[in-house]
Amino acid sequence: MKLMLHYIKKHVGMFLIAVAFLTIETFADLLQPTFMSYIVDRGVKGQEMGLILRYGLIMLGITALGAVGAVVRNIYASRTSQLIGKEIRLDIYEKVQALSYENIDRLQPASIITRITNDVTQMQNFINGIMRIMLKAPVTCIGAVVLIIFQMPRLLPLMLVILVCAGLLIYGNMKLGYPRFDRMQKKLDGLNRISREFLSAIRVVKAFRAEEQEREKFRDASWQFAEAGISSMRVMAVFGPLINLTVNAGIVMMLWLSGREMSGEIGRLMACVNYMTQVLFALGMVSNILNSAVRAVASSARVQEILNEVPAQQEAMEASMQEQIPEGSVTFRQTSFSYAGTARPAVRDASFSVKEGETIGIIGPTGSGKSTLVNLVPRFYDATEGQVLVGGLDVTQMSMAQLRQIIAVVPQKALLFTGTIQENLRWGDKNATLEEIRRAAGAACAEEFVAQLPEGYDTQLGQGGVNLSGGQKQRLSIARALLKKPRILILDDCTSALDATTEAQVLAGIRRESEGMTVLLVSQRISTVMKADAILCMEDGKICGFGSHEDLMADCEPYKAIYRSQIGNEGSQTEGGAFHG
């Protein structure tokens, strides 16, 4: 609730305007039955048309005033809640951008999406409801009770009993509803996660004809969400009618008690019945808004968890930032890293150095820690032990902007964004000319297929570049990195979708454009790395060899095993795919 109040304070002016016009609307509603009783008891009973007309015009004016109040209240309530929803989403998004991979892994992307969308919507609806219903309901309820007692003082004990019973029912509704709505939001997280996994892997699902298996997973998650929703709605289904029963029983008791006393004052009796109906409506509104409050509080807690998340990686202090950009050497000093929740290190006691302008090939079996190792350089993760230095500076003592300004990464999975090819490539350099874009694309062997597209570099890409092949996406990702002209270029198995001939052409293009750059080249293919300045061979998270191809063939058994499996015992050391020739 504190989180929502924090955002309401930012728009307190509009909020108070909405509340002011809500008050006008509420008092207009409360005055209607009183003037109706005057018409019946004074005008109709006395057959005085002048009184009937006068009170009728007053009622018409009150109705018009209430309508104006309702219109203005709706305008300001909707605007305020929409602005607050926008600000909460933006704050969550900015917070997520500041978090490290470790934080994202723990929070889970599907859950973050649910919080940005569904949870914020719950909070937004509640804030809108405060200005439309929450404040109106208690004022209406209290005002109606006061006016009933004013009309019939003897009904005070009855009204107290009704209010106490209704209050207990509403409290029970909240007490039982909160944990159920919280559970429902968590089940929605699971449903979104399964949906996201299916949509991102739909080609694999279809290729393995696993539609039924995925359907079962989705059906199970959907049923769990439905069960949580049914449990939540069951609480409302029980308590809502009980509140109605309490108030309606009060109306019956009121009619029975006032039958003789007010037999000649039908208007007052009508007014009391109308006020009891308003009490019933107000209590129903209170019950509904409190159900909404339960959801909003549960959602607010989930949003607050993200906003309170402490980044696993801390930015360096401004004083520690170097004015000049560091050079591109990379050094690992007894570096180890373990993923959160795992006991076994992904990288263990890694120590090596790469001079600026050198190319280092990194090879090893799947799961040996190659990608994890290079992810420590741009601080996607921080080493749990030891140091990683860039340009002689500990990366934890550099600002993220300073560090990543000199690094370009081409990940294993090529990632493109919705937009044109030109817009995607300009992520490398937003001020790049078309000539510079074409040169980078040419080096990555992307110029040829882009030129064949009807709109060339203005071709619109779908989400993730779905209208391109895997190899085409990889080549565009490489071109984007080259366009940045970094000091350190990390190529994380980024040519896996290319055939040997195309890979050789791409690597030759990279070699031309990366002169002076420090290149960390991760690959599964020994032909890709065998002519690098040095090769780092990894196995089970440890460096088992570091040196030239000839050095490793002489004394590194894991490297020799990879060579034999790919080239053969008597294989020719073909240099077609080599990075350096």
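This is a predicted model: local features need pLDDT of at least 70, side-chain atom pairs count only at pLDDT 80 or more; totals for chains, interfaces and linings use all residues.
User: What is the strand order in the open sheet of 4 strands?

Analyst: General idea: helices (H or I, at least four residues) and strands (E, at least two) are DSSP runs numbered from the N terminus, and two strands pair if DSSP finds at least two bridges between them. Here the order is E2-E1-E4-E5, with antiparallel pairing. The edges are strand E2 (347-354) and E5, each pairing on one side only.

User: How many bridges join E1 to E2, and which residue in E2 is the bridge partner of Thr 331?

Analyst: There are 5 bridges between E1 and E2, and Thr 331 has Ser 353 as its partner in E2. Strand E1 (residues 330-337) is also joined by 5 bridges to strand E4 (residues 385-390), again antiparallel. On that side the partner of Thr 331 is Leu 389. Leu 389 in turn stands opposite Asp 394 in E5.

User: Which residue takes a positive phi in the hairpin of E4 and E5?

Analyst: That's Gly 391, with phi near 60°, in a hairpin that has 2 residues between the strands. E4 and strand E5 (residues 393-394) run antiparallel and are joined by 2 bridges.

User: What about the open sheet of 6 strands: what are its order and pairing?

Analyst: Read it as E6-E9-E10-E3-E11-E12, with mixed pairing. Strand E6 (407-410) and strand E12 (542-547) are the edges, each pairing on one side only. From one strand to the next, the twist averages 15°. For a parallel case, look at strand E3 (residues 359-363) and strand E11 (residues 534-539), with 4 bridges; Ile 362 has Leu 536 as its bridge partner in E11.

User: Which helices lie across strands of that sheet?

Analyst: Axes are lines fitted to C-alpha atoms, for helices over the stretch in contact, and angles run from 0 to 180 degrees between N-to-C directions. H16 lies across E6 and strand E9 (488-492), at about 175° to E6. Helix H20 (residues 557-566) lies across E3, E11 and E12, at about 95° to E11.

User: At what angle do H14 and H16 cross?

Analyst: Angles under 35 degrees count as roughly parallel, over 145 as roughly antiparallel, 65 to 115 as roughly perpendicular and the rest as oblique. Helix H14 (residues 434-443) and helix H16 (residues 470-483) cross at roughly 130°, with axes that come within 8 Å, so the two are oblique to each other. As for contact (heavy atoms within 4.5 Å), Glu 436, Ile 437, Ala 440, Ala 441 and Ala 443 in H14 meet Ala 479, Leu 482 and Leu 483 in H16.

User: Last one: why is the pair of Tyr 101 and Phe 380 stacked?

Analyst: Rings of Phe, Tyr and Trp (its six-membered ring) pair if their centres lie within 6.5 Å; planes under 30 degrees apart count as stacked, over 60 as edge-to-face and the rest as tilted. The count comes to 9 aromatic pairs. For Tyr 101 and Phe 380 the centres are 4.8 Å apart and the planes are at 10°, so the pair is stacked. Tyr 101 is in helix H4 (residues 101-107) and Phe 380 in the loop between helix H11 (370-375) and E4, so the pair ties together parts 279 residues apart in sequence.

How values were computed:
Residues are numbered from 1 along each chain as its sequence is written. Side-chain values use heavy atoms; hydrogens and water are left out.
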